[in-house]
Amino acid sequence: MSKMTPQILKMTVDVHEKYWREQRKHLYNYKQAYETDFWEDSETYGLGDYGITIQTADAYGYIESYIASLFSRNPGVVFKDGLRKRGNKDIAEHLANDFLVRQRTVIENASRMALIYPMAFAKLMPRQSDDIYRRVDMFAIPPWEVVVDRQARRWQDCRYVGHKYFLPLDEAKELFGNKQYEPQRKEEYFEREYNNQEDPSVDTEMFQFIEVVEMYDLQNNMMHFWSPNWQHGDKYLMSSEIPFENASREAVIPIVPLYFNRIPDNPLDGYSAMKRIYDQIYESNLIRTFQANAVRKASRQYLIRKGALDEEQMAQIASGVDGLFVEVDDENINNCVVPLPQNQTPPELEQYYRQVQMDKDKGNILAPFTRGEATRSTATEIAALASYSSNEIGRLARERDMMIEQLATTYISILSLYLEESGEKDVVYIDGVPEVVIPTDLKENWVCYAQDQAMTPISESIRKREYIQSIPVLQQLGVPPDTLLKELVRALGLPEAFFEEAQKAKEAATKAAAQQASQAVPPDAASLAQESIPMGPNNLQSIIKSV
């Protein structure tokens, strides 16, 4: 296999930067539309000396309606045994869910970026912590920071993946040694001009950076750190083997992709959801701006024949006093003051605006009820949509779930390395049972499923109601009351104290029954009455009391 030299890496980064430099104008427009800052540079759109600009919130509502439909309260996963049934899937699942529940905001931010831009990524990174399970953190990164092998057909087939970022100079010296760097100021992707000479902060080390590319050469199982700010990019800052691997001893990189839409003939090129409706958003803002300026120009103006009114009479009319009479010498009073005619807004404008809105709605594949619109859909149809069973949201939710599943398995691979290096044997509690965690517990290629898929607020309420209605059937099938009550507490989001108190009551009742049996005391009437409580779908007290 060909070796990735610093020169090849530099050429790869140059191609990457050229590609995203050509995309920058379009992505900047998508960003500004989402942030309701559409007319930030009015000269760009040829507005000239317009007195006012109107910005609609269509772009924000479009993206956030997706985010609301893809809402995940507590992202989690379920592990199934792998082919060789190695490791401890309960421990791995417990640790992965502990990590994911702390990353809900990051997953949401990545989802938002993947809708506005062509795609997004999440990167797992080390952090300082005394708790070994807190030594891995995660953040969302935009697509222009990730160098992808765009010739590959699948993410798994990438020959290389890199992360391009700016590292503070003091951190660079700590990581790579006190080398002769050529520091620069941090360049933002959407910043239009970079001029270090006019920026006084560039002389302060706190505001000095070097550009770093963290490249994972998957063909040679190598990790390279490269910077154009040292040795003109002719040498690596540091190289080593990729430290993370799965149970099959395959390299694992700490970068996870999120593609909601892909270009069919080039799957690693994403497609922005905002691009579908940007033209309609542009037209909506333009029409609203035109209408706003037209309304403000529709002021009451009059033409007055010169000499027909003197200055005192003009002052009286301008004062606007109610019931005022002004004497005029002219025989034909219509020749004195004539209203200035106004141009009416053409009806074609309103018709065109409605057509633009219809085009925008055609590009929006969300169900109308997710946008707050009243529909005549049946409860079954709404439940099907809410459960992602037959609509576009279901496909997007599956893409998000694939990201969550890959995050979980990547975290477990990284955590197993940290456990090996530390030599610690930590104890975690799973369902109240202490378990000792060792590296071999995490060494397996488990089958991973996202636990919170198809979980919108509507579908979750339906699942709760269905569970409550099925309680009598489950009890008749022999499901223990403890299990039913525990699941009921979890489904309804009740405090765990409910279950704990029920357990204490059960223990007290068992102890009292044992004492009565030892004394041969017959059960009292109250006990018989309690045992005769009929079971029904709405009688939850019978379950709680029977625990």
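What percentage of the 547 residues of the chain count as buried? The share that counts as buried is 39%. The model described here is a predicted one.

## Overall picture

The chain's secondary structure comes to 15 helices and 16 strands. Of the contacts with a separation of 6 or more, 69% are between residues 24 or more positions apart.

The mean pLDDT of the chain is 81, and 79% of the residues reach 70 or more. Over residues 528-547 the pLDDT is below 50; this stretch has 27 contacts in the model beyond near neighbours in sequence. Residues 453-457 also have pLDDT under 50, and for them the model has 15 contacts beyond four places in sequence.

## The nonpolar core

In soluble globular proteins, nonpolar side chains tend to be buried together. The largest nonpolar core in this model has 97 residues. The members that touch the most others are F79, L95, F121, L124, W155, L407 and I412. Helix α10, residues 392-422, gives the most to this core, with 14 residues.

What does L407 touch, leaving aside residues up to four places away in sequence? The residues in contact with L407 are L100, I107, A122, L124, M138 and V256. L124 is also named among the core residues that touch the most other members.

## Helix α5

Helix α5 covers residues 169-176, and its buried residues are L169, A172 and F176. Seen down the helix axis, these buried residues fall within an arc of 55 degrees, so they line one face of α5. The elements that cover them include the strands β5 (160-168), β6 (209-217), β7 (222-226) and β8 (236-241). Just after the helix, G177 takes a positive phi of about 95 degrees.

## Salt bridges

Side chains of opposite charge can pair when their charged atoms come close. A search of the whole structure finds 19 salt bridges. Three of them are set out below.

| Salt bridge | N to O distance | Relative accessibility |
|---|---|---|
| R104 and E108 | 3.5 Å | R104 31%, E108 26% |
| R159 and D149 | 2.8 Å | R159 36%, D149 1% |
| E405 and R398 | 2.9 Å | E405 10%, R398 36% |

R104 and E108 both lie in helix α4 (residues 104-116), four residues apart, about one turn of the helix. R104 is partly exposed, and E108 also counts as partly exposed.

For R159 and D149, the salt bridge has an N to O distance of 2.8 Å. R159 and D149 both lie in the loop between β4 (146-148) and β5, so the pair ties together parts that are 10 residues apart in sequence. D149 counts as buried, whereas R159 counts as partly exposed.

In the salt bridge of E405 with R398, the closest N and O atoms are 2.9 Å apart. Is E405 buried or exposed? With 10% relative accessibility, E405 counts as buried, while R398 counts as partly exposed. Elsewhere, salt bridges that share partners join E64, R104, E108 and R112 into one network.

## Aromatic pairs

A pair of aromatic rings is described by the distance of the centres and the angle of the planes. The structure holds 18 aromatic pairs. One of them, F38 with Y278, is tilted, at 6.0 Å centre to centre and 40 degrees between the planes. F38 lies in the loop between α1 (6-34) and α2 (58-69), and Y278 lies in helix α6 (residues 278-297), so the pair ties together parts that are 240 residues apart in sequence. Both F38 and Y278 are buried.

Another pair, F99 with Y411, is stacked, with 4.2 Å between the centres and 5 degrees between the planes. Which parts of the chain does this pair tie together? F99 is in helix α3 (residues 89-101) and Y411 is in helix α10, so the parts tied together are 312 residues apart in sequence. F99 and Y411 are both buried.

Terms used. Residues numbered from 1 in each chain as written. Predicted model: local features only at pLDDT ≥ 70, side-chain atom pairs only at ≥ 80, totals over all residues. Heavy atoms only, no water. Buried < 20%, exposed > 50% of the residue type's maximum accessible area, 1.4 Å probe, protein only. Helix = DSSP H or I, 4+ residues; strand = E, 2+ residues; numbered from the N terminus. Arc of directions from axis to C-beta. Contact = heavy atoms within 4.5 Å. Core = buried A, V, L, I, M, F, W, Y, C linked by side-chain atoms within 4.5 Å. pLDDT = per-residue confidence, 0-100. Salt bridge = Lys/Arg side-chain N within 4 Å of Asp/Glu carboxyl O. Phe/Tyr/Trp six-rings, centres within 6.5 Å; stacked < 30°, edge-to-face > 60°.
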